[in-house]
Structures are given as structure tokens and as C-alpha cells.
Amino acid sequence: MKKLALLLSTGVIAALAHAPNVAAQTEIAWWHAMDAELGKKLEEIANGFNESQSEFKVVPSYKGTYPETLTAAIAAFRANEQPAIVQVFEVGTGTMMAAKGAVYPVYQLMADNGEPWDPAGFLAPVTGYYSDTDGNILSMPFNSSTPIMYYNKDVFEAAGLDRETPPKTWAELEAMSRQIMESGAAPCGFTSGWITWVQTENLSAIHDQPYGTLENGFGGLGTEFTFNGPVQVKHWDNLKKWADEGLFEYGGPVGGGDAPPKFYAQECAIYMNSSASRAGVINNSKEFEVGFAPLPYYDDVTTDPKNSIIGGATLWALNGKDPEVYKGVAQFFTYLSQPEVQASWHQFTGYLPITNAAYELGQEQNYYADNPGSDIAIQQITRGTPTANSKGVRFGNLTQARTVVDEEFEAMLAGTKTAQEALDAAVERGNQILRDFEAANQ
Amino acid sequence: MQAKRTIFPNKILPYMLLVPQLAVTLIFFIWPALQALKSSFEREDPFGFHTTFVWFENYRRLFIDPNYVGSLSKTAVFAFSVTVLSMTLALVLAVAVNRVLRTNRLYTTLLVWPYAVAPVVVGILWWFMFNPTIGIAPYLLRAAGVDWNHRIDGTDAMILVIIAASWKQISYNFLFFVAGLQSVPQSLIEAAAIDGAGPFKRFWTIVFPLLSPTTFFLLIVNMNYAMFDTFGLIDATTQGGPAQATNILVYKVYTDGFIGLNIGSSSAQSVVLMIIVIALTAIQFRYVERRVQY
């Protein structure tokens, strides 16, 4: 008994001693989907904020992949255990925007807490994609990327190509891939991550082809997919042809997990994927030199390729927390948009600098001059004037719709469907998914 | 040989002893099952703001969806193949081990090991061995003239998941078959041997019938294993692809519910799955058990 009493009293004293410390700091839970190097860098940012002030403490937790993080947050919201901040990938944007009661729009959050907020400071494609129909930004841009092309300079040279001249058009890419294969420099020409995002959604944007009605879904829930147009069909047809010939190797569904090893192992000479793969590519290509280039285009379709579209994620503030917490969230968002924080994140990861100030800071630091190719993504996503077809795609349940696109692409590769049949089927099944979403959100 | 009946005077104690088990069943099985039943009649947005009661709409949509019907037949192929393959191989191994006199302990231990491996790890192992890019199996197969690519070829993918799922289950079946074989009276086998029955005849007319309770039990367990427990394995190897070739029912429940956030449809699918399993088990007990000799 005595022992127990003693234990209890020490416990109370310890609790008292710690109490003021605990009470002073408001914890802000931040759920994210950044693993490995990206996750460490993200924690660094949170620590930077925590050290910059003593009132709030941002606590990041890794919740798995993007879909897993989104699902976890939704489940938590339903159980009233949601985090204050959750990182949601661009595909989930439609879902989050439709969930009006669940999210605390960032423009409102900043205004309510008296934090500075200037949407004009963000890169135009970022603002364009994450604004609602009234032009308000609903979530805090954090990691935005766009697909680019990586190529193996050494293999190019071994194949008798110019190591500094990557292909500009798909015709050139086809010819070069064939030369690489025939010369034996590498067994495969090119591979790609994200068939959906890179070879379908971005392809449509770059060639100014509609992906869906109502401005690619920006205009409302009644939208329908239209990505079975002639350009997409032609491209898928080519991919099938090239796959049969061995010029193109398929890297698997969703993000295409088999694609990066094919490039790292020098099996495929060209690799298309997110600009945020840059850190990984550089790390894994110690044995050869990597070149960076914009995505190719069909010069018989357009001579003026449009901007590519955005991927990556934003931070959403979820409803249902104390005002004190939101004050901290707002301050944290202000910290995040500082050019130094942004520039460091961008330069480390290959994500886009989301503010103009961060881009300018990088220029002042001579970062782009010192790291050739590091600004390809920015140039590609900001080139020309965006059209309704090139400002992005925003649909509800897009994760499911993308699964359908992957499945139909695989059916085409297996030879059970032609490109036209596969895309027609993807559009038809995708529209069903959109109708479900519309019905559930009315 | 009727055992003497023991009578406990306490009327409450038996129920008290049952309470923990009942509580676990209610909280972790019955309650979620009822929840699923409820949401299968509803259409709901992911966050649960708008819920509409839609009667059988979710079910109706399922059965006009060719992908769902396809998933049903894929599940049948998968469950049947896994059950047959893993039970046959396990029985062969068990009979073999039973005949080995000296080292059968060692073989038994080694053969049981795979069962201790978690399904996801099994998936990763096989995924790694059969990876079209970096795996050893496609490399060897290519040398033998087989172009293995389970990323594109649906049949290859199905073969892969069947092999992986069976490999893991063989251990479990093996253990039960070994135990079953050991309870076959040696005198019967010896008597048959004296009457001139060869090893095959002895197996089919004496050992196999006497093993039937074990076989029957394993049949049910394996069916349930293939239909429910292989989720992690599918997730780690093919994710239901390519083009839904390995999208078995339980995996489709997960992708539609957790990835696609379509809770109504996902619940309806899990209810269908529940009905299938109840029906299968009922049929097995009703018709197969009659033929089993205990």
C-alpha cells in the first residue's frame, strides 16, 4: 500500500511539473502520405515551424499511400477523430470539394485568423487547379508536380544519338527508341509511370483535347468523360504497337511501380514520370548520366503544345476542431508559403515551387543554372495560355475512374480490345462512376 | 463405451463462461455484419453527410455489372483451384512423410514453416520471384521459351496468385493430414497388406475413407481461406489486375469501399459474399457430411 501511495504521489508531482508545458502548446495533427526521403523532409518542415514559435506543435503522421491517407482521414472524420490537416492528392480534390461540411476552406481559414493570404502569389496553374468555381482556393497548395521525361544520356550516345538532344515529338521518340533497340544500346526504348495521369490526362491537355465535358469537370457534377477522342485513340494505338515491338514497356497500373527499375537498370533508355521523381532518379542513376526534357507531343496534331497539368497534393483543413487549433493551422500555412521553406522543399524533392517568390528565390540562388533540367517542369507547366482543356481534370471518384482506365489499357495491351474499344469502354464505365458520385452528392 | 454423464448443478455458470466469447462474436462479427447489411441498402457520400435509402439498387447494379459477374466466376476459379491444389499436394506430402521413418519430424517442421509467414509477405515473395522486370522466374521461363508477364497476361496473373495462395495453405493442410494419417489404425493396413492389397489399393480403400472427416473439414476451411484470407496476398502481388483478371470478390469489396469510397456498393458486395459463404458451408454440412465416415 505504501509503495502504491508513493508511486501515485510521484506520478501526481510529475504530472504537475509537466502540466504547464503541456497546456501551453496546442497540438496540430497533420496526416500525410510522404514516405522515405520526402517524409523526412516533411518532418524537417514541421520541426522548423515548431522551433519558430512555442505556442503550437505540428505533429506529422505518415498514413500510407495517398488513397490510404484519404480513406483514413474520412474514416476518422466519421468517428470524429479527424486530424486538423490532411494531405490529399489531386485526384481526391473533387471528392474533398464536394464534402462541404467537412472542410474548412483555406481562404476562409486565413481570413478568420488574420493571416496574410495572396492567391496571386501562387503559380498560375496551381491557383487554377485548386480554386472552386468562384475563384477561391479551398486547400493549401503543398506539393505540386507535373510529369516530365528523363533519359539516359550514356545509352543515347552508345546508340549513336546525340546525348544532348532528347526527342521532342513522339515521331522522334519512336525513331530514337528503335535506333536504341536496334543498336543494342538498351533492350527497350521507353517506359512510363502513371498511364492515366501521364499518357492520358496530360496527353489530352498538351494537345488541347477535352478529357471531359463541363471544362474537364471544373464546371460541376453533371460532367461526362470524353477522352475517347482521335488523339487519345491514336496515342494508345501507338503505345500498343510500340509495346508489341518492344519499344515501350508497361510499368504496371496506378503509379507504374515497375517503370523506375527498368530505367535505373538501364533497360529502358527513356522514362516519363512526375517531376517529383527527380530525387529518386538522381539517387538511382549513379552509373549513368540523366537528361531531363519536356514530354513529347505529336507535331501532326499541334505545333503549339499546351501546358502540362498538375499532380501532387494539397493540405486540407478539416472541420470540427477548436478555434485555437485553426489559429495554429493558419500560422503554419503562412510558414509553409515562405519562399525559403518552399524553395528548399522544391529543390530537394523536384516538386514545383508553388509560389512565384520561391521560384524567383531559386533563380537568385542560381539553383536552376547549377542544376540543368531542374526547371523543365516549371517551364512546361507554365508555357502558353492554358485553355479549358489544359487547366487540369477534376472529377469526383477519379481514383475509381483511373482504375478503370488502367484496366482498359491492360485489356488493350493483352490484345483483347483495340485502342478505340478500350477507350470507349473506359469512358462508358467512367461515366457510370461519375453518375454514382453525382447521385451520392446531391 | 458410453461415458458416465457428469452433471453440474450450477445453472448460471455455463452462461457466464460463454459471455466473453459471445461478447467478442457480437462486437466483432455480428455488429459489423449488421452495419454492412444496413449500408448495403443505402447510397452515401464518403463523409456520410447525405444518406439515401435506395432499397435494392446497390444489388441490382451489381448484378447487371459485367465486371462483378466476372469477379464471381474468377473467385470460383481461384477458390476451387487453390483448394484442390493445396489439398492434393498436402495429402501427397503427408503420405510421403508418414512413410519416412527416421526424419519425419524434420520434414514436418520444414513443411509447416510457410504457414507462419504472413499473407502479405507471401505475396511479396512471389511477386519478387515472378516480377517481369527483376524476377528470377520470368528470366528462367523466358529461357525455356515462355513469355511470362503477369502485368499484362491475365492467365499468368491468375496462375501466380493461385500458386502463392496454395503454397501458404499447403502447410496447414499438411499438418491436419499428418495427424489424420497417424490416427489410421495400423492393424487395418497390415490386415489389408496380408490379404494382398498393394499400397495404392490400401490407400484408396482404407486410408482415404478414414481420412474423410479431415478432408471434409479442410475443404470448408480452404474454401473460406481462398475467399477471405487471400486479400493481403492479392494486394501485394497483382492488386486485382491486369484488367481485373485476379479481382476476386473480397478484393473488390476492398477496392470499391476503401479506395473508391463507394460504401453502399462495397457493403452490398460483402453481404453477397457473406451469403455465398453461409450457403457453401450449409451445403457442405448438409450433403457432404452425410458421406463422411467419422
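## Helix H9 of chain A

H9(A) is followed by A:Asp208, whose phi is positive, near 55°. Helices are DSSP runs of H or I with at least four residues, strands are runs of E with at least two, and both are numbered from the N terminus. This is a predicted model: local features need pLDDT of at least 70, side-chain atom pairs count only at pLDDT 80 or more, and totals for chains, interfaces and linings use all residues. Residues are numbered from 1 along each chain as its sequence is written, while chains are lettered from A and ligands numbered from 1 in the order in which they are written.

Helix H9 spans residues 197–206 of chain A; ten of the ten are buried, so it is largely enclosed by the rest of the structure. Buried means 20 or more other C-beta atoms within 10 Å of the residue's own, with C-beta atoms placed from the backbone. Among the buried residues are A:Trp197, A:Glu201 and A:Ile206. The cover includes H11, S9, S11 and H19 of chain A.

## Strand S5 of chain A

Six of the six residues of S5(A), 140–145, are buried, so this strand too is largely enclosed by the rest of the structure. S5(A) pairs with S11(A) (residues 311–318) in the antiparallel sense, over five bridges. Pairing requires at least two DSSP bridges between the strands. A:Ser144 has A:Gly312 as its bridge partner in S11(A).

## Contact and confidence

Chain A gives 29 residues to the contact and chain B gives 26. Contact means C-beta atoms, placed from the backbone, within 7 Å. H19(A) supplies the largest share of chain A's side, seven residues.

The predictor gives the complex an ipTM of 0.75 and a pTM of 0.83.

Methods
Two residues are in contact if their C-beta atoms, placed from the backbone, lie within 7 Å. A residue is buried if 20 or more other C-beta atoms lie within 10 Å of its own, exposed if 12 or fewer, and partly exposed in between; C-beta atoms are placed from the backbone.
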